[in-house]
Amino acid sequence: MGVDGCGQMCKCILILFNAIFAIVGFAMVGLGLGLRLSSETRGLFDIELKTQEFVIFVVVLIVLGSLMLIISIFGFHGACNENLSSLRIFAILLAIMAGLEIGTGVLVFMRSKEVSEHIINLYASVYAQFANTHDPSLATTLRIIHEMFDCCGVGGLLEPLVRETCPKKGFLGTLTTSACPTVILNLFQDKAPLIMGFFLTTAALMVIGLTCYSLLVKAIKQNRQAYSAPHIF
């Protein structure tokens with residue numbers, strides 16, 4: 001018989017948590033592999049151009065997405081089947097990922113100028129490749145960046161080359177859209193604490209997942225002890 005009460009609630013939370021993890025992880029791996037295997041971008045991994053940031057971005061997408069998928073698999077198996085071994089592996093991997101989130105947030109805060117320069121270089125690489133090839137994976141990457149930073153290309157409202165990937169705001173909204181390099185630089189210089197807060201908030205959500213793991217493991221052990229104890233009638 002399965003857990004009930006608080007344990008059952010934590011079980012449901014972990015299943016939902018891992019479902020979100022799986023969706024995000026699958027999307028990241030799909031985008032990363034699309035960029036890595038595309039005939040238009042494959043050459044960037046074989047020759048030395050100013051594409052270091054792009055290559056690192058693709059590798060991080062694939063590795064981080066794969067890690068999220070692995071975490072979600074162990075989390076699903078552990079929560080659905082009340083398997084303690086899978087839940088322990090899930091907790092270890094999730095704790096590692098939460099630590100990485102905290103470290104990344106602190107690093108972004110302390111070196112905001114360097115981080116913004118790397119992101120601008122990444123954007124310039126993706127922008128230049130898309131302008132030449134119109135590769136679908138690059139288009140998806142640009143759309144994500146444009147929506148995330150609420151910007152458009154390197155020319156803002158006069159942007160002619162990647163306009164199809166820019167946020168859809170109508171005519172008046174388009175007039176107020178700024179160039180991405182300027183927006184990225186200003187964001188990391190003026191709002192570095194908010195960006196660190198985003199990473200710390202993400203880590204806090206993972207800590208909540210770890211708390212649910214702890215409560216679920218406790219409930220499973222208590223449930224098993226209750227049913228394994230001799231019953232006197």
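User: Where do I start? How many helices and strands does the protein have?

Analyst: Start with the secondary structure. This predicted model has 8 helices and 0 strands. Read from the N terminus, the order of elements is α-α-α-α-α-α-α-α.

User: How much of the protein is buried?

Analyst: Of its 233 residues, 41% count as buried.

User: What share of the contacts comes from residues 24 or more positions apart?

Analyst: Take the contacts with a separation of 6 or more. Residues 24 or more positions apart account for 72% of them.

User: Now the core. What is the general idea?

Analyst: In soluble globular proteins, nonpolar side chains tend to be buried together. Now the case here. The largest nonpolar core has 49 residues.

User: Which members of that core touch the most other members?

Analyst: F21 and L94 do.

User: Which helices supply at least two residues each to this core?

Analyst: The list is α1 (6-37), α2 (52-81), α3 (84-110), α4 (112-133), α5 (136-149), α7 (180-190) and α8 (192-228).

User: What does F21 touch, leaving out residues up to four places away in sequence?

Analyst: F21 touches M68, I71, S72, L94, M97 and M206. Look at S72 next. S72 sits in helix α2. With sequence neighbours up to four places away left out, S72 touches N18, F21 and A22.

User: Why does S72 count as buried?

Analyst: The cut-off is under 20% relative accessible area. S72 has 2%, so it is buried.

User: What about V58, buried or exposed?

Analyst: V58 is buried, because its relative accessibility is 0%. V58 also belongs to helix α2. Now compare chain distance with space. V58 and G34 are 24 residues apart along the chain. Their C-alpha atoms are separated by 9.3 Å.

User: How do I find a pocket?

Analyst: Rolling a probe the size of a water molecule over the atoms shows where empty space is left. In this model, the largest pocket holds about 1900 Å³ of space. Its lining has 40 residues.

User: Which lining residues are the closest to the centre of the largest pocket?

Analyst: They are V60, L64, T104, F198 and F199.

User: What classes of residue make up the lining of the largest pocket?

Analyst: The lining has 33 nonpolar, 4 polar and 3 charged residues.

User: Which helix gives the most to the lining of the largest pocket?

Analyst: α2 does, with 9 residues. At least two lining residues come from each of α1, α2, α3, α4, α5, α7 and α8.

User: Why does L64 count as partly exposed?

Analyst: Partly exposed runs between the buried limit of 20% and the exposed limit of 50%. L64 has a relative accessible area of 29%, so L64 is partly exposed.

User: How do I check the span of a helix such as α4?

Analyst: Compare its end-to-end reach with the expected one. α4 has 22 residues and reaches 31 Å from its first C-alpha to its last. That is close to the 32 Å expected at 1.5 Å a residue.

User: Which residues of α4 are buried?

Analyst: They are S112, V115, S116, I120, L122, Y123, S125, V126, Y127, Q129 and F130.

User: What follows α4?

Analyst: H134 does, and its phi is positive, near 55°. Check phi at E82 and D150 too. E82 is not a glycine, yet its phi is positive, about 55°. D150, also a residue other than glycine, has a positive phi near 55°.

User: Where are E82 and D150 found?

Analyst: E82 lies in the loop between α2 and α3. D150 lies in the loop between α5 and α6 (170-175).

User: Is each one buried or partly exposed, E82 and D150?

Analyst: E82 has a relative accessible area of 11%, so E82 is buried. D150 has 40%, so D150 is partly exposed. One last distance for E82. E82 and A219 are 137 residues apart along the chain, and their C-alpha atoms are separated by 9.8 Å.

Definitions and conventions
Residues are numbered from 1 along each chain as its sequence is written. This is a predicted model: local features need pLDDT of at least 70, side-chain atom pairs count only at pLDDT 80 or more; totals for chains, interfaces and linings use all residues. Side-chain values use heavy atoms; hydrogens and water are left out. A nonpolar core is a set of buried Ala, Val, Leu, Ile, Met, Phe, Trp, Tyr and Cys residues joined through side-chain atoms within 4.5 Å. Buried means under 20% relative accessible area, exposed over 50%, partly exposed in between (1.4 Å probe, protein chains only). Helices (H or I, at least four residues) and strands (E, at least two) are DSSP runs, numbered from the N terminus. Contact means heavy atoms within 4.5 Å. On a 1 Å grid over the protein atoms alone, a cavity is a set of points where a 1.4 Å probe fits but cannot get out, and a pocket is an open set with protein on both sides within 12 Å along at least five of seven lines; lining residues have an atom within 4 Å of a point. Grid points are joined across faces, edges and corners, and a volume is the space filled by probe spheres set on the points. Ala, Val, Leu, Ile, Met, Phe, Trp, Tyr, Cys and Pro count as nonpolar, Asp, Glu, Lys and Arg as charged, and the others, Gly among them, as polar. The expected span of a helix is 1.5 Å times one less than its number of residues.
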